[in-house]
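The following paragraphs consider how the parts of this predicted model meet one another. Please examine the structure below before reading on.

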Amino acid sequence: MPMPDWLSRLRERDVPAQDAALWIKCPSCGEMLYRKDLAANLSVCSKCQYHFRMSAYDRINSLVDDDFVEIGNEIVPGDPLEWIDKRSYREKLDGDRAKSNLSEAVVTGFGTLDGFAVALGVMDFSFRGGTMGTVVGERIAHLLEEARERRLPCVIFTASGGARMEEGMLALMQMAKTTQAVERFTSAGNLYVSVLTDPTTGGVSASFAFQSDVIIAEARASIGFAGRRVIEQTVRQRLPDNFQTAEFLLERGQIDLVVTRAALRDTLVRILDYAIDRRRTAPLLKAVPEFAF
Amino acid sequence: MNVIVERERPLAELEERIAALRARGTQTAADRSALDDDVRMLEENYRGLLRDLFGNLGAWERVNMARHPKRPIASDYLAAFDQFDELHGDRQFRDDPALVGGFAKLRGRRVMVLAQQKGRDTRENIKRNFGMVSPEGYRKATRLMRLADRFGLPIVTFVDTSGADPGVASEEHGQAEAIASALMALTKVCVPVVASIIGEGGSGGALAIALADRVIMAENAVYSVASPEGCAAILWGDAARAPEAAERLKLTSADLLQFDIVDEVVPEPLGGAHRDAVAFIERLLDAVDLSLRDLERLPAGDLRERRFSKFRRIGRWQEAHVPRVVAVP
Ligand SMILES: [Zn+2]
């Protein structure tokens, strides 16, 4: 299982037995949804198909056969600018670690999808808004390098508010670092699929999100470069509701596919099946033996 | 209002007085020498005032210096090249006047030049979209990078933009993809790439033409992950706190030299590049020229490898001890 036991235990203990803990209101249709049903339905509203944001480990759980080996989690953030605004950067990081149970805004590792061993990167919006600082850049680059060495395909799920301000230009430079890692990975002949989830913007969309061989977007995800509010302020008009949605981008030829969460795993497996000879895929722990124990 | 322009007001008065004194006719040699003494005294005051006003600039003052209406812009640098033949268009939709590119010769060397072009006045700024590049501009840049690579022409870029264009059309035409592809093209080229940050280096829109073997920065230019105004609006809901955000963002040339994001800083005349634009432009182009000479000496195959290691190293993080949790069913 991708989520360590202690982690899921922690989560259950944290939930107080109140209504709010059991039920959640769909922000799209207003339906009260039973949390356990919602989780079982991949966090998609059963009434209107609204896709709630998904945590990285839930996402990984929903994809892999049964095995996931996390790598790069020893890479953790520093505080290079000694940043303080209302709170210090260190305090913000501590807060996000506590509320998200993540060590950073991306989880990277190896897993199998219907028998295909893949390198998997999953961003999580609940950690600093999925912003890319040094650690996100470093983990993504590391993942692509490890995948390249093993000639494994790579699937990266993006969810990001852009570059992380609290790391200043060091954060922006991760666009260059990840671009170079993608270049080395794909020019060595490996398949790279990106899955853009809600929201994918800024420095992440302008680097590895849009540099893949196949770009999939999750239904109704908000995707773009500039933030919607920035654009509204610039043009001084209200933007149409579908502006910067996955469906809008598909119409304008920016992405390959829009897929609902329910169909996502099958879609990925079908694409892997076209690009990779199934007979050559090894069981995961044979592909990454040094990570076995 | 630009804080540097405000601060220059007393200087302008003094300049006028010096000029008026100089223009004055004199009768005798004694008058002449007394007048010279007065002029010298005023000039001494002027230099003192310059030092007082600009001797020690903070981050926000440098932001304003980078946005100064008289600061040299891309076209001023291009005019100092031996020759420049502009090439237009992305071959798909439009020519973007905010990004200028083409064949050029610099100190006798054949190069491909790419530059973000602001305007000198309101009319030109509207035409140039204030130097904010649209996807078409980045696609033109990508096309010219590949062309340069085919003919072994080094790529020389000038960065001066508050950021990529944040308009509706730019989003519709794929701003993110256009920037991502420009970054990818700069990663792939086998020719030397030298980028100069001459004014504002605004976020990903600036980096799109600055993934370079050597990054040169004018002393008072700024290069930032977000605009100070945008940063202040996000952090405090108050764009007026931009000066504070500017300090925090570490966007000055001295900061970026420390972080190895910039390789070389070209000093500006006291009071900013516009106070002696011609000499400053020559100095910056000298630095570009020298960088190209160094890079050309490297074996062709090494360039990409070095570019890779340069950016691969950038960043600061810590290493945690993590017990490896592997759950095998
Ligand atoms: Zn609903």
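Across the interface of domain 1 of chain A and domain 2 of chain A, 5 residue pairs are in polar contact, with both residues of each pair at pLDDT 80 or more. On the side of domain 1 that touches domain 2, the residues divide by class into 10 nonpolar, 4 polar and 1 charged. Salt bridges between the two domains number 0. The area buried between these domains is about 1400 Å², and carbon and sulfur atoms give 52% of that area. In terms of residues, 15 from domain 1 are in contact with 17 from domain 2. The domains themselves span residues 1-52 for domain 1 and 54-292 for domain 2 of chain A.

The contact between the chains comes next. It takes 66 residues from chain A and 55 from chain B, and about 5400 Å² is buried between them, of which 68% is given by carbon and sulfur atoms. The count of salt bridges between chain B and chain A is 6. In one salt bridge, the side chains of A:R184 and B:E305 meet at 2.9 Å, N to O.

Several elements of chain B give two or more residues to the side that touches chain A, including α8 (168-172), α11 (228-236) and α15 (300-312). The most comes from α9(B), with 9 residues. By class, this side of chain B has 32 nonpolar, 10 polar and 13 charged residues.

Strand pairing also links the chains: β4 (residues 75-77) of chain A pairs with β9(B) in the antiparallel sense over 3 bridges. Within β9(B), B:Q318 stands opposite A:V76.

Key:
Residues numbered from 1 in each chain as written. Chains lettered and ligands numbered in written order. Predicted model: local features only at pLDDT ≥ 70, side-chain atom pairs only at ≥ 80, totals over all residues. Heavy atoms only, no water. Domains from an automatic or database assignment. Contact = heavy atoms within 4.5 Å. Buried area = accessible area lost by both parts, 1.4 Å probe. Salt bridge = Lys/Arg side-chain N within 4 Å of Asp/Glu carboxyl O. Polar contact = N/O pair within 3.5 Å; in protein donor to acceptor, adjacent residues only side chain to side chain. Nonpolar A, V, L, I, M, F, W, Y, C, P; charged D, E, K, R; others polar. Helix = DSSP H or I, 4+ residues; strand = E, 2+ residues; numbered from the N terminus. Pairing = 2+ DSSP bridges.
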